[in-house]
Amino acid sequence: METKSCRKASAIRRTPAALIAVWALGASCLLAALVQAAEVEGTAQGTSPQPSSLRLAPSEVRLQGADASQQFLVMGTFSDGLERDLTAQAEFSGSKSGLIRFSAHSRIQPLADGDLVLTARVAGREATASIAIRGSQEKRPFSFPRDIGSLLTQQGCNNTTCHGAVPGQGGFKLSTNATYPRDDYKWIVEGGKFEVLTAEMEEPPHPRVNLKDPEKSLILQKATLQVPHGGGLRFGSDSPQYARILQWIQLGAPYGEEGESENIQIESLEVYPRASVLDLDGKQQILVTAHLSDGRREDVTRQVVYESINRSVVDVDEGGLVKAHKTGETSVLVRAPGRAAAVRFGVIADPLPSYPEAPENNFIDRHVFAKLKKFNIVPSELSSDAEFLRRVCLDLTGTLPPPNRVRQFLASTDPDKRNRIIEILLNSPEFEEFLFFRYGEIFRWYGGATQLGKDTQLYGEWLRQSIAINKPYDQLAVDRIAAQGYDGPSRFFYQLRFIIPPAEMIAEQVRVYLARRLDCARCHNHPFEAWSQDQFWGMAAFYGRMVDLRDSVMDDSLLVDDPALKDRVVHPRTKKVVQPRFLDGRELPEGERTDLRMKLAQWIVSHPYFAEAFVNRVWDWFLGKGIVHPVDDFRSTNPPTHPELLKALAEDFRVNGHDVKHLMRVIVQSRTYQLSGIPNQTNRGDRLNFSHALPKPLPAAVLLDAISQVTEVPETFASGERGFAAGTRAIALMPSMPSQFMDVFERNERKTLPEGKPEPALAQALHMLTGKTFTEKLAREGGRVDRLLRSEAGDGEIVDELYLAALSRFPTAEERARLEAMISERPRREAVESLAWGLISSRQFSHNH
Amino acid sequence: MWLFPLGGQRGTSLEVEIRGKGLQSAYAVVAEEEGIRTEFRTVEEIVEESEEGPEKKKEKKEPEYRVRVGVKIDAAARPGNHWLRVVTPRGISDRVQFRVNADRVIRESADPHDRPGRAQAIDVPVVVNGQIDKAAEMDFYQVEVAGGQELLFEVTRSQESAANVFRSQISIHAHRGSWFDPDRVVRLAFSDKDRGERVIADRDPRQRTGTRVSLRHRFAEAGRYFVEVGSLGGQAKAGFVYQLRVAPPDQPSHETPGLRDWSERSFVRKLTGDRLEQLWSRGVRDDRPALEKKPEGGQDGEGSKEPDPAQLDLKLSDPAIALDVHSEKEPGDRLEDAVEIPVPSIVEGVVQHPGDSDLFKFKVHAGQKLAFEVETPQATRPDFNPLLQIIDSRGRDQFSSLRRTEKYRSVTAVHLVSVDAKVIGAFEKGGDYYLRVRDVTLRKGDPGFHYRVLVRPQIPHVGDIHLETRTRDFEDGRVDPHRVNLLAGEAVKLTLILEQEEGFFLPSNQIAVSVEGLPAGVEALPGASSYRLPGGPRPPVIKGADHHLPKVQTISVVLHSREDAAPTHLPVWITVTARPIVGGRLGPRLTVKKIPLTILDPNPARKLSQLASRPAGGER
């Protein structure tokens, strides 16, 4: 069948219209292949699933004090394998009367001390939970952190866009999410504001409470808009919040509980469920338990703040009840003072009547396919040989397969040919070259304004040599984190002739190796995460002893750690010297501080985050999206789409000695990686679950090399007195070398860690039309086009050759026929150049798919 | 100024081209050392074509000139670095490096050899004179090797090109092919590491970096391999000249250094058995009998338990005392494992692996003053940075070769300044002490990290002496210690920066300076000096400077030429000397430097007309 887009291919010219035509050509080919793909029935025909068992969460509760309460969930496990929230349908009863009362449908409060069993019943099934009640008559004493601080958090007063910002807001400062209640108390009751660099106050303190006339307190007047307030109305003067604050001021604005309990903080938040699959229009109550620093657990379900990341998929009310709206996947954030968590929600379509079993190549497929099945998403078919070959060559080597190799591979009947080519590629010099490029991106191998050329070279050579010996990734990290002396890894710590300050360094190191972003904790506690300013500076202290030996006898600085430097890193808030402290809060003992950075390096590579961070990054390289995405932004509020897969990959990476080649081999051998990019009806909208291959734009350098390869015209890089020999690949280039093409296609300059992936831009389309990379190379004497035209090859052979070179596949019979006709109708050279231009300008070419 | 080719084999002749500015009307080229004879041939202006035409080009830039000179290298000439200078009516030029080789020398091919497929075939052993003058240029050479053969590849760039940031590098490639490209060559080895310590000799920027990059490689398989000579970042320009030497590693180049300046704190100076004699030769040895010097009421009579430190130092400083050499014993990182050594002596060892440290135990008497000097005979800075730490019998630090600034609270502050090749100290209490040797980092260690440490009494002496003079404005304006061009009727100033070591700096001690060999009409006079060290950041305040730094004084000498002094046709070589004086006793003459001097006619036109009537050429 001749499609409209195929007809357009016959009119290829170097015009925007021709460009669109080539893109359409690519799309039509995908559509054509889609027709060949197996169609999967996606509508539900079966009966509604029934619960097969019931359970009550939590199963054990201890209620302490008169103010305690606990919400329960009733979860049913159904015949389709899913758990559903049946709380609303449940009936509750206690084994003893008089001990508890229900303050809401599934929430209990203590009445008297004692033990009892709570039973929930749904559709003839039962589940139980044991409850112990102690101190039921003891009212909890007032505590500023608990009673006022949490109120301010709930009202959003202390978030980072309001008074929780580093300098505060409107002259009023609060610690983010009430992390430092003592400071908050002082700023409210005594006035004053936080100064970042000095302990001195710039202006006289201005209290926010009026003890003589409590109702005239600024904190109440602002929140109720009795006086102008940039933050608007926070609560009314008849609200419980107003009453609580007023009462506190009337009592003399005490701090309340002193001593140990003052320091009781939430150490972690436990959410239940951690992940949930909902039917369309399904509901799920979230249960939130705070683990306190005194060892107690407390139900804080109604004291936290909820937020849905994608409200079109699920919505959540202020009590934590989630409602599904449309199929998809998203997270609900849960925030409490100083802590945050997330619950992952998937909303599924109706189940398929017969879910097709997909073969599994390794453990990756087991995890990916299990989730797909759970979500009623059918994975795409296995990719074609041509699709696979181009993909794996670009992913492992950044290089297109040459036409003769494509022919060879497609013609081979070896059932193990995919594994064989994987091994060939993993052991090729092109693999090392491309891994150097990949490492160059994350380890920031760069040159130019902020790094000396010789330092860049030394650093780059260390990376190259490390790759050449397949140095384990953990060793690579240790070498770089703890580098001393005058060698490759130590050069990373220099910008020109100066050592990068500790605070800048640690934020980057944590981001690269642990995939956590601590940057904002440099100035304040992280608004959503557990990262505090103390933790940030504790980590920075590991870099506090770095100095360079640069004397009159030697040009090249030596990087050493001076044990005599013990007061280099000062906390900006407390203005005190910070001792080295790991991210987990453990302070490095005094006796172990001889070699701080080595201790840090050893801690980093042994931490579970380390392997997870790297495998996720590599996964992103190959699958186009991280299991956690963005890849360097792991946080409780950005959970992995496949936590078990992430763990399994990390474990496999660890037990195999952090062998990067092994990791890549495992990924590209998986069927998941080898799935076709052609979607089916069930996975068309899926962008999270790796049900089909996602097209990945080629990095600027890879794209430039690919064009040079297709045209057989090497790029020349030269600028003034500097230059690189013809044939130097863009991926191996020192990044400071000017290149208009790579600038237009948004190469990563590596001066900082990248914040995201490049997006298509208008300048790129214009460059395709007029840029010399796309035009001159095609017409160059001795290039591929010229060579083909001078050869005795027929039009069909030329079309084949160009398709193989650019797209690693033969044209379809239809494409070939149309293009042959087009060539015969126009001047031959112009037609062939136009065809080659159309191919290298197409999305099929510029993406790895 | 630079020349090409960079060198030649001894016993041969060749033509050399010297390029530079200010060489118009050149009429002679002279060599600094015996063994090289020169024959001036031509001088011409270099006119480079440009899009704007030759005339435009000339307007924009100071013209450059090309001097052609025949060089005949005696068969007995010393292999190594030599120096040539061009003589013009404006005086004698900077020196330019010329190398003499013992090996066969060839020149790079005029045919393109910029990729493996066009590599120039060379037979080993050989020295190739090459040049990288176009951006992105790299030179490829092709060698045939036997399986298991090991070769040493060395690229020596000229001192001038090193000062112009030519950072050479060597790569070795093999034809391996790949699935993608059957013609692919694969890099087997790479080096851009300078051999030799980076030193500032005479504060001349041209001396600041090592000039030789070497790479030793064993070829597992017989076959054809490619040697690539390139530069950092693909940078290239006229003057990037080099010599590539390829030879078996055990075949010596026979290179020897020329006359070298005294180097007090270089890590690569030789701590030989006559080191004490060398030190005394830069001071004044007290030969008086010990009794004459015994202080009144001294404590070291028969009943005294401790000998007088002065007596002890005198005895130990007797140059006749043989310096025993003691080697480390592994493991030597605990006090009880330390090797006992006498003072003075030399200790040797290797920092084998990261964290390796060696301990040596020695005895001192109360008040004794010792010096500790370290040499790195193989691997050296910046790879190997030996740290000397002196600790007492309880493991407490006394002093070390680490030089520190005073405490300064700033994240960018420099707290450590350097690790020095020498540290001195006085011991308040007598007893057992230990010398610990390790690398300054905790990461470095290698079987090639050899060290030699001389433990000796302090010897008051004159240390490094830097000589500087400033050329006149109409010349290149650079600081150049190596020449004086003196206009008749005018004066120039020589400034000596004198470093006084280990107690030499006393009111009773002096250093006298003289200039010898001056031509008629020129005299050396004492000069006033407000001399300042070259610019740069102010030096940090040094903590414990007495352990590390000498006392520094400057002396200026003015060379004055009478108006009627006869202009020189070829330079006259003058000798600047310094002489220590201790308590009125004269020490030996120390040659600071021999430098060429010309007397110039103040009227260049007259000079040029005189030249026209003389035959061209000049030899030395």
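Mentor: In chain B, E4(B) and strand E7 (residues 80-88) run antiparallel and are joined by 4 bridges. The model is predicted, so local features need pLDDT of at least 70 and side-chain atom pairs count only at pLDDT 80 or more, while totals for chains, interfaces and linings use all residues. Residues are numbered from 1 along each chain as its sequence is written, and chains are lettered from A and ligands numbered from 1 in the order in which they are written.

Trainee: What is the order of the open sheet of 4 strands in chain B?

Mentor: The edge strands are E2 (7-9) and E4 (28-31) of chain B, each of which pairs on one side only. The pairing in this sheet is mixed, and the order is E2-E8-E7-E4.

Trainee: Which strands stand at the edges of the open sheet of 5 strands in chain B?

Mentor: This sheet has mixed pairing and the order E10-E12-E18-E14-E15. Each edge strand has a single partner strand, so one side of each is left without a neighbour in the sheet; the two are E10 (120-121) and E15 of chain B.

Trainee: Which residue in E18(B) stands opposite Phe140(B)?

Mentor: Strand E12 (residues 139-145) and strand E18 (residues 223-231) of chain B run antiparallel, joined by 7 bridges. The residue opposite Phe140(B) is Glu228(B).

Trainee: Which residue in E31(B) stands opposite Glu348(B)?

Mentor: Strand E20 (residues 324-327) and strand E22 (residues 345-350) of chain B pair in the parallel sense over 4 bridges, and there Glu348(B) is the bridge partner of Ser327(B). E22(B) is also joined by 6 bridges to strand E31 (residues 450-457) of chain B, and these two run antiparallel. In E31(B), the residue opposite Glu348(B) is Arg452(B).

Trainee: Which strand gives the most to the side of chain B that touches chain A?

Mentor: Two residues are in contact if their C-beta atoms, placed from the backbone, lie within 7 Å. The contact takes 42 residues from chain B and 39 residues from chain A. Strand E15 (185-191) and strand E28 (416-419) of chain B each supply at least two residues of that side of chain B. The strand that gives the most, with 4 residues, is E28(B).

Trainee: What share of the residues in chain A is buried?

Mentor: The secondary structure of chain A comes to 30 helices and 28 strands. Along its principal axes, the C-alpha trace of chain A spans about 100 × 85 × 55 Å. Of the 849 residues in chain A, the buried share is 45%.

Conventions. A residue is buried if 20 or more other C-beta atoms lie within 10 Å of its own, exposed if 12 or fewer, and partly exposed in between; C-beta atoms are placed from the backbone. Two strands pair if DSSP finds at least two bridges between them.
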